[in-house]
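Welcome, and please open the model in your viewer. We will go from stop to stop, with something to select at each one.

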Number of protein chains: 2
Amino acid sequence: MAEAAPLRVGMIGIGTVGAGTWRVLRRNQEAIRGRAGRGIEVVAVAARNLARAAAVLEGAEGVELTDDPLRVATHPGVDVLVEVAGGTGPAREWVLAAIAHGKHVVTANKALLAEHGGEVFAAAQRHGVAVAYEGAVAVSIPIVKALREGLTANRIEWVAGIVNGTTNFILTRMRDAGLTFDEALAEAQALGYAEADPAFDVDGVDAAHKATLLAANAFGMPVRFADAHVEGIRTLQALDVACAERLGYRVKLLGIARREAEGVELRVHPALVPAGHLLAQVNGAMNAVLVKGDASGVTMYYGAGAGSEPTASAVIADLVDLARLQCQCSQGAARPSVPPLAFHAQADLPVLGVAAVRTRHYLRVPLADGAAVAQVPLVLADCGVAVQSLVRHAVPGDAAAPVHALVVTHPALDADAQRAAERLGALPACAGAVARLRVEVLE
Amino acid sequence: MAEAAPLRVGMIGIGTVGAGTWRVLRRNQEAIRGRAGRGIEVVAVAARNLARAAAVLEGAEGVELTDDPLRVATHPGVDVLVEVAGGTGPAREWVLAAIAHGKHVVTANKALLAEHGGEVFAAAQRHGVAVAYEGAVAVSIPIVKALREGLTANRIEWVAGIVNGTTNFILTRMRDAGLTFDEALAEAQALGYAEADPAFDVDGVDAAHKATLLAANAFGMPVRFADAHVEGIRTLQALDVACAERLGYRVKLLGIARREAEGVELRVHPALVPAGHLLAQVNGAMNAVLVKGDASGVTMYYGAGAGSEPTASAVIADLVDLARLQCQCSQGAARPSVPPLAFHAQADLPVLGVAAVRTRHYLRVPLADGAAVAQVPLVLADCGVAVQSLVRHAVPGDAAAPVHALVVTHPALDADAQRAAERLGALPACAGAVARLRVEVLE
């Protein structure tokens, strides 16, 4: 059987990801072709800076270069649009235009899919084209494929992960070198792990985009970014990182989606993870996602969370999937075989408010007088929160509060733990802000 | 578009894996159908013990029960054969018969594929049917899918993993409780982690079956089980597990496939892994596989390595892939989209003999006299092996050899390290067997 004609790619964006995709496609073209069974050729590229684009393309022939993304998105000679420019405004238009013109879409744009996924995926299913986005979540780690294909036998119970490299780098430095958040952020920015405006990352928004997509694929629910509970690490104190260490935990920014009887939890926030847990060993800019399935048990997927070639690896894997779709007959293109959100139809599962979430908690109560430690479990019990461990932690540098009570609770309702934290803060002996972080054991 | 008719499954074997597959298919049938877009129905089962089979099937209607596997393999009402009986004799016949009758095959049988994979995959490609075997390697962890699909952008540099749960359980107990191999094996057998005849597992054969399949998918080479270098853990001493710990390492049975300029390394053997490495945290019966791709960097996949429902999870994931293959036209079935060994054609890469492999080594030299420690690096240098660290380790319980020299070398040729071990054993001061284990850093 003769080899099929190459899969023709139109790419919007020639920045970090676009350039990486171009380079890897060229460097590994023989191996990619040997696996896909046909060539994969970039035939059109849209970029804002045409001179830069030309430099990246190194004079390659047969590539139409333009500053008009819609030209590429609707190009008659393009089978699949690769959208790697980012953003949620124009990118939405380009992607919808490509779909309306019967083209598949491959994107790494988690913000776009988290905010407009419902619309995009519905349009794709109506037009019978694929939307692939392995590069949008934990880049080179094929976690979207694991959820959409590898784990299809399972009723997924929960998904939890470290899915933002910027914050994980910061947290690793805070723990390894005792840095404050501001010091670690400055280091991250100097090394290129954080943007000049780091809000998206440090405030947990990027992690929430990804957690939203993981939840949708795990539970067969719609994309519900607006309902996610999102907390970042901007207010995390170096002292809490040190206290967590003392108690045998590490602080990580986790994205968690968990199925409960009444609905689904969808939350991003810093959490204490037992130091011996695999997730606690995920350091620097690396990412990892754990999935608990009722048949599979726990599986974990680990690797780079960002970067030019790791993202390109994911984008190209999506292209190879599309290239391999073949029909035994000669008519037209095969229908995409995998629904974009794993399930053919979404179930309208409610997202639970965070007040109803039940987890263990860590609390640190600054006290003027060590004797006041005894009051802490009483206040907690009064709020329906049981104490698992209580430690007197001396903080010699804190003249107003030389003793901090460190508490790890048994599982408690978030609303109860919040109320307990407020009441502890109101104690006469309390001489500073009460810190509260959730504790996740993840078994 | 009307839902397609169910995918009809014929299953050979209703033991641990077969029964698990049946149970999970029934328990999660709605979610599976919601993802696959059609039902998946077992229509025929072959088993040696029909009474047991009937008990597992709990009187389900519409399932033909027989003691004739070939009947199921060639059954006109079956689309895909699930071979979960195991073995390499009759299983080969059944699988080839199913392929010859135009049926896809899903199997968890690594022994069959390691020994007869060339023949089986060639037959499948000739007949245009799929052979899927996610359950054959690290069961529920979708590692075959990661190599065949998720990482297709990459030139894979190496694959390394803990892929046998029996030996990893034994090694974990030797390290955690200081047990000897025999003690830990007895414990494993009592708990059901090891067979009455454990040779396949403890001698590394099972791990070699899996490493062979991983290598073939990673490098686009044929299945070369006969060329693999295989060493198990039967002769591993408790003292070496303790010394490794002292030096900052853990002993693991690793399956390694690595691309070199001259060919491919394919080896299974115990190895020291740095205690801080992720692989060193993989304990008990769990499995993990690391893959280094030139674009992706290192990714790791972790989860259960065996078990009824974890294996069923993998088998059913393969079935869902097949169920999802649809043609937009009405003619016949879609061609399988993924080549069984990732590449459409295999490259005839030579498997390098182990003598040419270059790794770091751990050596333990029992000495009658501590002063002889000084001779050790001289012998090593004479054999072209450079010492990275040398430690005098007191063994008070060894009257003949109260001091053991512990060496970790720089990377050296296996043949040179082997020669050095023999020469060290011939030293007058050497008063016991010299232990030698490879050290793998895996970056």
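Is Ala342(B) buried or exposed? Select Ala342(B): its relative accessibility is 0%, so this residue counts as buried (buried is under 20% relative accessible area, exposed over 50%, and partly exposed in between, with a 1.4 Å probe and protein chains only). Ala342(B) sits in the loop between helix H13 (308-324) and strand S13 (358-367) of chain B; helices (H or I, at least four residues) and strands (E, at least two) are DSSP runs, numbered from the N terminus. Its phi is positive, near 75°, in a residue other than glycine.

Before moving on, note that this is a predicted model, where local features need pLDDT of at least 70, side-chain atom pairs count only at pLDDT 80 or more, and totals for chains, interfaces and linings use all residues. Residues are numbered from 1 along each chain as its sequence is written, chains are lettered from A and ligands numbered from 1 in the order in which they are written, and side-chain values use heavy atoms, leaving out hydrogens and water.

**The two copies**

Now colour chains A and B separately.

**The domains of chain A**

Next, colour chain A by domain: domain 1 (7-139 + 307-327), domain 2 (143-304) and domain 3 (358-439), with bounds from an automatic or database domain assignment. The C-alpha centres of domain 1 and domain 2 of chain A are 27 Å apart. Where these two meet, 17 residues of domain 1 of chain A are in contact with 16 residues of domain 2 of chain A (contact means heavy atoms within 4.5 Å). About 1400 Å² is buried between domain 1 and domain 2 of chain A, 67% of it from carbon and sulfur atoms; this is the accessible area (1.4 Å probe) that the two parts lose on being put together, summed over both. Select Ala114(A), Tyr133(A) and Val137(A), which supply 37% of the area that domain 1 of chain A buries against domain 2 of chain A, more than any other three residues.

**An aromatic pair**

The structure holds five aromatic pairs over all chains. In this one, the ring centres of Phe121(A) and Tyr133(A) are 5.4 Å apart and the planes are at 45°, so the pair is tilted (rings of Phe, Tyr and Trp, by its six-membered ring, pair if their centres lie within 6.5 Å; planes under 30 degrees apart count as stacked, over 60 as edge-to-face and the rest as tilted). Phe121(A) belongs to helix H6 (residues 110-127) of chain A and Tyr133(A) to the loop between strand S6 (131-132) and helix H7 (143-150) of chain A, so the pair ties together parts 12 residues apart in sequence. Phe121(A) is buried at 3% relative accessible area, and Tyr133(A) is buried at 0%.

**Last stop**

Finally, select Ala138(A), in the loop between S6 and H7 of chain A. Ala138(A) has a positive phi of about 55° although it is not a glycine, and is buried, with a relative accessible area of 1%.
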